[in-house]
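Thanks for coming, everyone. Please have a look at the model on the screen, and then we'll walk through it.

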Amino acid sequence: MTVRVHSLLLHEWISSPPLKLLASCSLLPTSKMSAKSAINKEVFTPHDEKMLAAVQVKRRTKKKIPFLATGGQGDYMTFICVSVTNKKPSHVSITKVKQFQGSSAFVKRSQWTIDQLRQVNGIDPNKDCPEFDLMFENAFDQWVAGSAGEKCTFIQILHHTCQRYSSARKPEFVNCQSKLLGEDQDVDSVIFRCKVYLNKKRKEFVAHHGHLLRRGNSILHSAADSVTSAVQKASQALNERGERLGRAEERTADMMNSAEQFAVTAHKLAMKHKC
């Protein structure tokens, strides 16, 4: 009986929408992070763009496919990406990228400018959920992300990007939690908190390993003192050598003068005896 209950609970847990989505999206062993890096490298970098955000999604409702468009390429993964050009003036795009089953390549399928985005619907402003809608001038899609966290991160970056780069009418964000729109915390606040956290960790590291730093400083000071002492000794030796050379030169000069005087005296004596 216990085994049966556990089996039912496990089946219900696996059958929950987010986990069903993750299971159905696991077409290739590539992780999401490596997939996003690959998308940036393959799709955006060649066009001198950089990807700001990407979220793996799946449609909440099946899209009606025209009769002539049947015979697709099988299962695939879909990513909604936000990118910006490196050259000024900056142009922001929202791109739908797909990776088909059995292929390692990422293909750009649809693309809109940020000014074509009309509305972002977060579905529920009171709780985290993976569902969201995007409405453009000529398109409307209902998506579900791999998790509520991924959706929240994507919408937060998308909102910040719209506020910064939209030149025309800014898109409307409806049914979104206030934390995603910067009312409780914006991207700059998040960056600031990250800096504070890193600074705190740096101080903790210095506090825990301060003895090593102090020991290192002590070794450096000892080495500097040794070098200074060696230079002073060498300088002193050179000065002493110079003094000895100076005294030797003086003695040599004195001996030369004495020899010269002796020669003069001897010459005078010799001349005197001749006379």
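Start with the second largest pocket. By class, its lining has 5 nonpolar, 5 polar and 3 charged residues. Here Ala, Val, Leu, Ile, Met, Phe, Trp, Tyr, Cys and Pro count as nonpolar, Asp, Glu, Lys and Arg as charged, and the others, Gly among them, as polar. That lining has 13 residues in total. Nearest the centre of the pocket lie Lys50, Leu52, Val84, Arg164 and Tyr165. About 240 Å³ of space lies inside.

A word on how this was done. This is a predicted model: local features need pLDDT of at least 70, side-chain atom pairs count only at pLDDT 80 or more, and totals for chains, interfaces and linings use all residues. Residues are numbered from 1 along each chain as its sequence is written, and side-chain values use heavy atoms, with hydrogens and water left out.

What is a pocket, and what is a cavity? Both come from a 1 Å grid over the protein atoms alone. In a cavity, a 1.4 Å probe fits but cannot get out. A pocket is an open set of points with protein on both sides within 12 Å along at least five of seven lines. Lining residues have an atom within 4 Å of a point. Points are joined across faces, edges and corners, and a volume is the space filled by probe spheres set on them.

Which elements line the second largest pocket? Strand 1 (49–59), strand 2 (76–85) and helix 4 (148–165) each supply at least two residues. Helix 4 gives the most, with 5 residues. Helices (H or I, at least four residues) and strands (E, at least two) are DSSP runs, numbered from the N terminus.

Stay with helix 4. Its 18 residues should span 26 Å at 1.5 Å a residue, and the end C-alpha atoms are 25 Å apart, which agrees. The expected span is 1.5 Å times one less than the number of residues. Among its buried residues are Phe154, Ile155, Leu158 and Cys162. Buried means under 20% relative accessible area, with a 1.4 Å probe and protein chains only. Across the 275 residues of the protein, 27% count as buried.

Now the cavity. The structure holds 1 cavity of 30 Å³ or more. About 30 Å³ of space lies in the largest cavity. Ile80, Ile94, Lys96, Trp112, Leu134, Phe136, Asp141 and Trp143 line it. Strand 3 (92–100), strand 6 (131–136) and strand 7 (140–145) each give two or more of those residues. The lining divides into 6 nonpolar, no polar and 2 charged.

Last, the sheet. The protein has 6 helices and 8 strands. The 8 strands form an open sheet in the order 4-3-2-1-7-6-5-8, with mixed pairing. Two strands pair if DSSP finds at least two bridges between them. The edges are strand 4 (107–113) and strand 8 (172–174), each pairing on one side only.

How do strand 6 and strand 7 pair? They are antiparallel, over 5 bridges. A hairpin joins strand 6 to strand 7 through 3 residues. Met135 has Phe140 in strand 7 as its bridge partner. Strand 5 (residues 117–121) also pairs with strand 6 in the antiparallel sense, over 4 bridges. There, Asn121 has Asp133 in strand 6 as its bridge partner.

Note on methods:
Buried means under 20% relative accessible area, exposed over 50%, partly exposed in between (1.4 Å probe, protein chains only).
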